[in-house]
Amino acid sequence: MSKGNNKAQMPKRQINIAVFVSGNGTNLQALLDAEKRILQSGKIKLVVSNRGEAYALKRAQSKGVEAVYLDPKDCTDYEESLLQLLQERQIELIVLAGYLHILSAAFIEHFPNRIINIHPSLLPAFGGKDYYGIKVHEAVIAAGVKVSGATTHFVTAAVDSGPIIDQKTVRVLARDTAYSLQQRVLQKAEWILLPRSVEKVARKLLQAKEI
Ligand code: GRF
């Protein structure tokens, strides 16, 4: 056997991925850091934010990934502008990573089973339009449940209700505040679960194309 033959085999083609963000972008960072390791079947080609101040845009730029700020208030038709951008970049899979904008059913229909969302609870618990950000973890603590975690799922028109791709649990500790729980769910569940889930879906899309 020749030296250097122990490297993981990279697939010939990769699925073009866009990540939609609104804020800090630690999940985006986890995806960028997972490229060529966990995430081998897809390549992040584009990051889109609906907020100009989102730090996630800087994370993308520092990895040399195209970062676009599209202000929903500036566009006559925000989703039409989004669609055009995605088509121009030949995007095949979208990841919502802390994207605080609800996409219409018409937009979602363009990408059936091709939009992945990550939610910081074990869906269907603590999901829906009123559960976002720290509110999710406040509700978990108020309910007194002992296990929380994160869920990846396909996006459908009903918020946080599409088919579940995968879940990862974390313990809720007696001393937890919403903030400490949020941090543990991010670090021990979301940043691990999201790259794995995106790889799983991208790999399936590649296999489907080979047939
Ligand atoms: C994460 O908790 C994610 O599950 C939720 O929004 C948060 C985004 O965090 N949808 P970040 O911007 O990835 O740091």
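Helices (H or I, at least four residues) and strands (E, at least two) are DSSP runs, numbered from the N terminus. Keep that in mind for the labels on this tour.

This is a predicted model: local features need pLDDT of at least 70, side-chain atom pairs count only at pLDDT 80 or more, and totals for chains, interfaces and linings use all residues. Residues are numbered from 1 along each chain as its sequence is written, and side-chain values use heavy atoms, with hydrogens and water left out.

**Stop 1: helix α2**

Select residues 55-62, which form α2. Buried here means under 20% relative accessible area, exposed over 50%, and partly exposed in between (1.4 Å probe, protein chains only). Color Ala 56, Leu 57, Arg 59 and Ala 60: these are the buried residues of α2. Look down the axis of α2: its buried residues fall within an arc of 160°, so they line one face of the helix. The arc is taken over the directions from the helix axis to the C-beta atoms. Now turn to the other side of α2, where Lys 58 and Ser 62 are exposed.

Next, show what covers the buried residues of α2: the cover includes β1 (15-21), α1, β2 and β3 (66-69). Contact means heavy atoms within 4.5 Å. Then step just past α2 to Gly 64, which has a positive phi of about 75°.

**Stop 2: two positive phi values outside glycine**

Select Lys 36, in the loop between α1 (26-34) and β2 (42-49). Phi of Lys 36 is near 70°. Lys 36 is exposed, at a relative accessible area of 63%.

Move on to Gln 90, in the loop between α3 (78-88) and β4 (93-96). Here phi is near 55°, again positive in a residue other than glycine. Gln 90 is exposed too, at 58% relative accessibility.

**Stop 3: strand β5**

Select β5 (115-119). Five of its five residues are buried. Which residues point which way from β5? Ile 115, Asn 117 and His 119 point one way, and Ile 116 and Ile 118 the other. In a regular strand the side chains alternate between the two faces of the sheet.

Two strands pair if DSSP finds at least two bridges between them. β4 and β5 run parallel, joined by three bridges. One to pick out links Val 95 to Ile 116 in β5. β5 and β6 (residues 147-154) run antiparallel, with four bridges. Ile 116 has Phe 154 as its bridge partner in β6.

**Stop 4: a cis bond**

Follow the chain into the loop between β5 and α5 (134-143), where Pro 124 is found. Zoom in on the peptide bond from Leu 123 to Pro 124: it is cis, with omega near 10°.
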